[in-house]
Amino acid sequence: MKYRAVILLVVICFESLAQTLPPTVNMSIAMPPVALIDLLTTSTMNVNLKVTAPAEAGNPVNTTASNASSWLIFTSAVATGVSRSIKGNVAGTLPPGIRLRLDISPYIGSGAFTASSCFVTSNVYLTTTPTIFIDSIKGAYTGITAGSSGYKLTYALEVQNYASIRSGSTTITVQYTIADN
Amino acid sequence: MKTCLLIIFLFSLTGIMMAQTASVTITNGSQGANWNIPTLSSSITKAGKNYEHIETSALNHTVLKVNSLVFWNVSVQQTVSSNWDPLLKLYVRRSGDGTGLVTISGGSAFQQVTGASSLFFSGLLGLGFGRDNIPIQYKIEGLSVLLPAKTYTTTILFTISGL
């Protein structure tokens, strides 16, 4: 009986020793790359621009019409050291003698960018060759409200070669892409 | 006489060891000792948006057992790691009381885990018995596309103090 008591106490001692390691929980969470781009509009996605004839002989055609109803929005998440850019291009053939100008307004909205991110490089003339107009995009989200979130896009026509201008109607598509640099 | 002295010595030794070894352990093995999120539970489906959700574990992702003689406090802290971002806020709570006769209190609301040890929950009157099957739940807030895309890792450490 005495021996049983001694054995029991020894077991209790070793049980106590066996439970002294503090527990730890290892955690991991993978944040993935994200690249999403879209257009919003305060009106309609179909932009109509007209070159109007002059009212008086000797004057040039009027190309002052513009459209500023489109807003570019995007979300981006990148790995450290990676940046992205947004390019625009025309699918189709512009009317001869006419070029399509794209003005990009500075960002407004309630989104957020990684510091030193998302520079508007310049206003561009859209051609069939993709042209960068927002660069150094890292982590960013612009917000999603047309008219108050993103980059306002203004389309306008300019005469490039007066002699080539012909009357008529042309339909083109403007495409935007976001891609790693 | 010798046997009596031996028994007294062992009782004393047992008391000392039990006093020194108030313990908290994970009883559901590697499942409870790891919380890995290789794929977020919700993705961004619309351009312009940021993440809007919180990653939350199962209610009983980790199951703890506490042993103590009289009273005890379980604290929690996060190991400071260069592979973690402070924008990611880690929370922990005790989602149930578990089983056992020992009283248990505190820790039922989510509290943020930081690099500093903070009181999580406590108990009284262990008398050498434990509180078992204490379910622990976690959540991570602050998910953002502003964080560099990579896998973030950290470790949560539970410690017990008491008698």
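Analyst: Let us begin with burial: a residue is called buried if 20 or more other C-beta atoms lie within 10 Å of its own, exposed if 12 or fewer do, and partly exposed in between, with the C-beta atoms placed from the backbone. By that criterion, buried residues make up 27% of the 181 residues in chain A, and in chain B they make up 29% of the 163 residues. Please keep in mind that this is a predicted model, in which local features need pLDDT of at least 70 and side-chain atom pairs count only at pLDDT 80 or more, whereas totals for chains, interfaces and linings use all residues. Residues are numbered from 1 along each chain as its sequence is written, while chains are lettered from A and ligands numbered from 1 in the order in which they are written.

User: What is the mean pLDDT of chain B, and over which residues of chain B is the pLDDT below 50?

Analyst: The pLDDT is the predictor's confidence in each residue, on a scale from 0 to 100. For chain B the mean is 87, and 85% of its residues reach 70 or more. Over residues 9-20 of chain B, however, the pLDDT is below 50, although this stretch has 15 contacts in the model beyond near neighbours in sequence, a contact being a pair of residues whose C-beta atoms, placed from the backbone, lie within 7 Å. Where pLDDT is low, the predicted coordinates should not be read in detail. For the model as a whole, the scores are ipTM 0.86 and pTM 0.83.

User: How many helices and strands does chain B have, and what does the secondary structure of chain A come to?

Analyst: Helices (H or I, at least four residues) and strands (E, at least two) are DSSP runs, numbered from the N terminus. Chain B has two helices and eleven strands, which follow the pattern α-β-α-β-β-β-β-β-β-β-β-β-β along the sequence; chain A comes to one helix and twelve strands. Among contacts between residues at least 6 apart in sequence, 78% in chain A join residues at least 24 apart, and the corresponding value in chain B is 80%.

User: Is V66(B) buried or exposed, and which residues does V66(B) touch?

Analyst: V66(B), which lies in strand β4 (residues 62-67) of chain B, counts as buried because it has 27 C-beta neighbours inside 10 Å. Not counting residues up to four places away in sequence, the residues that V66(B) touches include V24(B), W72(B), V74(B) and I160(B).

User: What is the order of the strands in the open sheet of six?

Analyst: Two strands pair if DSSP finds at least two bridges between them. The open sheet has the order β2(B)-β1(A)-β11(B)-β5(B)-β9(B)-β7(B), with mixed pairing. At its edges stand β2 (34-37) and β7 (103-105) of chain B, each with a single partner strand, so one side of each is left without a neighbour in the sheet. Within this sheet, seven bridges join β5 (residues 71-78) to β11 (residues 151-162) of chain B in antiparallel fashion, and S75(B) stands opposite T159(B) in β11(B).

User: Which residues stand opposite I86(A) in β9(A) and β12(A)?

Analyst: In β9(A) the bridge partner of I86(A) is I134(A), and in β12(A) I86(A) stands opposite I178(A). Strand β4 (residues 84-91) of chain A runs antiparallel to β9 (residues 131-137) of chain A, with four bridges joining them, while eight bridges join β4(A) to the antiparallel strand β12 (residues 173-180) of chain A.

How values were computed: Contact = placed C-beta atoms within 7 Å.
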